[in-house]
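Please read it alongside the sequence and the model shown here.

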Amino acid sequence: VPADPAGRLGRRLALTGQGVTGSLGADRLDAAATADALGLLAAGHSGLLRYGYHGQRRGGGLSLFVAAYATPPRMIVFGAIDFAAAVARVGAFLGYRVTVCDARPVFATARRFPEADEVVVQWPHRYLRAELDAGRVDARTVVCVLTHDPRFDVPVLALALRHRLAYVGAMGSRRTHDERHKLLREAGLSAEELARLASPIGLDLGGRTPEETAVSVAAQIVAARWGGTGRPLTALAGPIHHPG
């Protein structure tokens with residue numbers, strides 16, 4: 001493989017739903033670029049990646065431009081509480097287009113959620129139904145229900161869990177979770193549909209503050225996106241990056 005740019009100029013690698021086609025000139029470079037480009041594609045972002053000529057991530061010499069033909073995925077946060085502000089912030093950091101929705105106008109204000117792309121005053125299930133009907137929700141969409149109120153969360157969860165979304169999580173204690181499950185079963189949800197619910201929301205990080213809770217939610221969302229286990233890397237063997 002040539003060690004200069006001349007042998008690489010014009011090479012292309014295409015990632016589609018059907019697989020990977022083309023080559024950048026070296027197996028290690030193809031593998032590194034594929035793994036990193038998947039992250040950009042998942043966020044709907046184009047950008048530059050830099051490597052050594054043989055795919056070394058700490059190297060230099062090669063600049064690859066990733067053109068992503070996809071819109072950013074959505075995160076819809078239901079419940080305009082303090083924890084929602086932290087979840088919206090970390091969602092924006094991960095590259096999601098963030099919507100905060102609550103039926104209570106006194107809480108659902110743009111001033112309280114500056115990191116959100118939009119703040120909507122609407123009953124959660126009515127808003128989600130309208131977004132589904134309009135085709136603005138897809139298999140990459142993440143839904144976080146933080147309301148703690150069965151009047152709001154049961155109808156919207158019943159709707160969300162009947163669709164193949166990327167992630168559906170709900171905040172609450174284990175007692176709240178058990179009661180919510182009971183109400184969702186009474187609403188006619190199947191065991192398979194209920195199994196899609198991440199509740200109580202987040203991974204066990206031991207966090208207490210809204211920001212720490214948001215990190216645990218973000219970690220669970222990332223793990224769900226890429227098939228991660230949530231276990232410490234020191235306890236695992238093999239490649240760090242999952243195939244995607």
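## A partly exposed leucine and its patch

Leu236 is partly exposed, its relative accessible area being 32%, where buried means under 20%, exposed over 50% and partly exposed in between, with a 1.4 Å probe and protein chains only. Leu236 lies in the segment after helix H7 (210-226), helices (H or I, at least four residues) and strands (E, at least two) being DSSP runs numbered from the N terminus. Together with Leu233 and Ile240, Leu236 makes a nonpolar surface patch of about 290 Å²; such patches are made of residues with over 30% relative accessible area and no salt bridge, with like charges joined within 9 Å and nonpolar side chains (Val, Leu, Ile, Met, Phe, Trp, Tyr) within 5 Å.

## Basis and overall build

The model is predicted, so that local features need pLDDT of at least 70 and side-chain atom pairs count only at pLDDT 80 or more, while totals for chains, interfaces and linings use all residues. Residues are numbered from 1 along each chain as its sequence is written, and side-chain values use heavy atoms, with hydrogens and water left out.

The protein has seven helices and ten strands, and its C-alpha atoms fill a box of roughly 65 × 40 × 35 Å along the principal axes. Of its 244 residues, 40% are buried. The accessible surface comes to about 13400 Å², with 55% of it belonging to carbon and sulfur atoms, as computed by the Shrake-Rupley method with a 1.4 Å probe, only the protein chains shown counting as cover for residues.

Beyond its neighbours within four places in sequence, Cys144 is in contact (heavy atoms within 4.5 Å) with residues including Val77, Val87, Tyr167, Val217 and Ile221.

## Helix H7

With 17 residues, H7 reaches 24 Å from its first C-alpha to its last, close to the expected 24 Å, the expected span being 1.5 Å times one less than the number of residues. Among its buried residues are Thr213, Val217, Gln220 and Ile221, and the buried residues of H7 pack against S5, H2, S8, strand S9 (167-170) and strand S10 (197-198). Just after H7, Gly227 takes a positive phi of about 80°.

## Salt bridges

The structure holds 15 salt bridges, each a side-chain nitrogen of Lys or Arg within 4 Å of a carboxyl oxygen of Asp or Glu. In one of them Arg89 pairs with Glu115, the closest N and O atoms being 3.7 Å apart; this pair links distant parts of the chain, Arg89 in helix H2 and Glu115 in the loop between S6 and strand S7 (118-121), 26 residues apart.

Arg136 forms a salt bridge with Glu131, with closest N and O atoms 2.9 Å apart; Arg136 is partly exposed at 47% relative accessible area, whereas Glu131 counts as buried at 6%. Arg164 and Glu192 form a further salt bridge, with closest N and O atoms 2.8 Å apart, and Arg164 counts as exposed at 57% relative accessibility. Through shared partners, salt bridges join Arg74, Arg97, Glu118, Glu131 and Arg136 into one network.
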